[in-house]
Amino acid sequence: MIKFQGSDQYVATPDLMLAVNAAVTLTRPLLIKGEPGTGKTMLAEEVASALKMPLLQWHIKSTTKAQQGLYEYDAVSRLRDSQLAGVEDSARVRDIHNYIVKGVLWQAFTADQPVALLIDEIDKADIEFPNDLLREIDRMEFYVYETRELVRARHRPVVFITSNNEKELPDAFLRRCFFHYIKFPEADTMRAIVDVHFPGLKQELLAAALKTFYDIRNLPGLKKKPSTSELLDWLKLLVAEDIPLAALHSKDDQVAIPPLVGALLKNEQDVTLFEKLVFMQRHHR
Ligand SMILES: Nc1ncnc2c1ncn2[C@@H]1O[C@H](COP(=O)(O)OP(=O)(O)OP(=O)(O)O)[C@@H](O)[C@H]1O
Ligand SMILES: [Mg+2]
């Protein structure tokens with residue numbers, strides 16, 4: 001098995017690589033938590049491509065049910081077809097297999113080659129959702145009652161599960177996973193991440209932008225801390241708008257509000273808080 005070592009597009013810290021390889025070795029799902037925008041979803045994509053596996057993605061919403069990942073029986077289509085069917089179609093209508101819609105897990109279980117499976121944002125669903133998948137994740141099989149068949153995984157998929165911590169996950173579910181929390185990147189890691197997205201960015205601009213970014217993140221009482229992806233957005237704008245370095249640098253006699261701060265701060269309270277801080281700094285000089 002190839003070990004995951006990060007990629008050209010994705011910066012993985014040593015502890016993250018260790019976690020990925022541990023989950024693969026244990027053949028347990030890797031449960032990844034971390035602030036929004038810390039690369040949880042992208043990790044699954046990158047590992048899949050590093051291991052040369054197709055990635056099947058299941059994005060969870062508040063209305064998603066576990067059963068949808070297995071299969072759904074499309075009774076409505078069957079009823080409609082039965083009403084409209086001519087003689088030649090009636091055989092089709094009679095065969096219930098034609099109305100079983102395979103879900104992502106079914107596809108993952110029956111794929112010709114080992115695949116990676118991403119169950120993204122599991123905490124969006126109701127609390128029954130993870131419990132309803134215990135057996136499938138454990139035994140890698142499920143039963144289709146309508147057709148009386150057992151679907152069993154030909155190859156155990158490499159499973160990634162992400163959560164933003166909106167809900168606690170049940171203990172029985174946690175027991176079956178390998179857990180990793182993606183810590184918010186430190187400045188060095190962040191520099192490496194930025195370098196992946198903007199190779200050759202001017203070092204002074206990057207240093208000034210990172211300082212502003214971490215200053216904002218460290219503001220006490222901030223409602224929403226800006227994330228990696230927001231920093232990347234902001235840098236993209238700074239580059240595109242050709243913002244001069246001076247606009248970011250706080251000169252000795254003036255501290256200015258950085259341009260395009262709307263890329264980083266997403267609500268008016270946070271902007272006010274930040275403006276207050278800048279104002280105070282200016283007057284304490
Ligand atoms: N380690 C990293 N290396 C390279 N790019 C990264 C990294 N972490 C985050 N990014 C950038 O941040 C963006 C957001 O990442 P991603 O969508 O995977 O975050 P997430 O943790 O799934 O966020 P959310 O919880 O909001 O879904 C990526 O598209 C990528 O551009
Ligand atoms: Mg995500």
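1. A compact globule of 285 residues would have a radius of gyration near 19 Å, whereas the chain has 25 Å; the radius is taken over C-alpha atoms, and the globule rule is 2.2 Å times the number of residues to the power 0.38. Along the principal axes, the C-alpha atoms fill a box of roughly 85 × 45 × 35 Å.

2. This is a predicted model, in which local features need pLDDT of at least 70, side-chain atom pairs count only at pLDDT 80 or more, and totals for chains, interfaces and linings use all residues. Residues are numbered from 1 along each chain as its sequence is written, while chains are lettered from A and ligands numbered from 1 in the order in which they are written.

3. The secondary structure comprises 13 helices and nine strands, where helices (H or I, at least four residues) and strands (E, at least two) are DSSP runs numbered from the N terminus.

4. Five strands build an open, parallel sheet in the order E2-E5-E8-E1-E9, two strands being paired if DSSP finds at least two bridges between them. At its edges lie E2 (55–59) and E9 (178–182), each pairing on one side only.

5. Within this sheet, E5 (residues 116–120) and E8 (residues 158–163) pair in the parallel sense over four bridges, and Ala-116 stands opposite Val-158 in E8.

6. Of the 285 residues, 26% count as buried, that is, with 20 or more other C-beta atoms, placed from the backbone, within 10 Å of their own.

Key:
A residue is buried if 20 or more other C-beta atoms lie within 10 Å of its own, exposed if 12 or fewer, and partly exposed in between; C-beta atoms are placed from the backbone.
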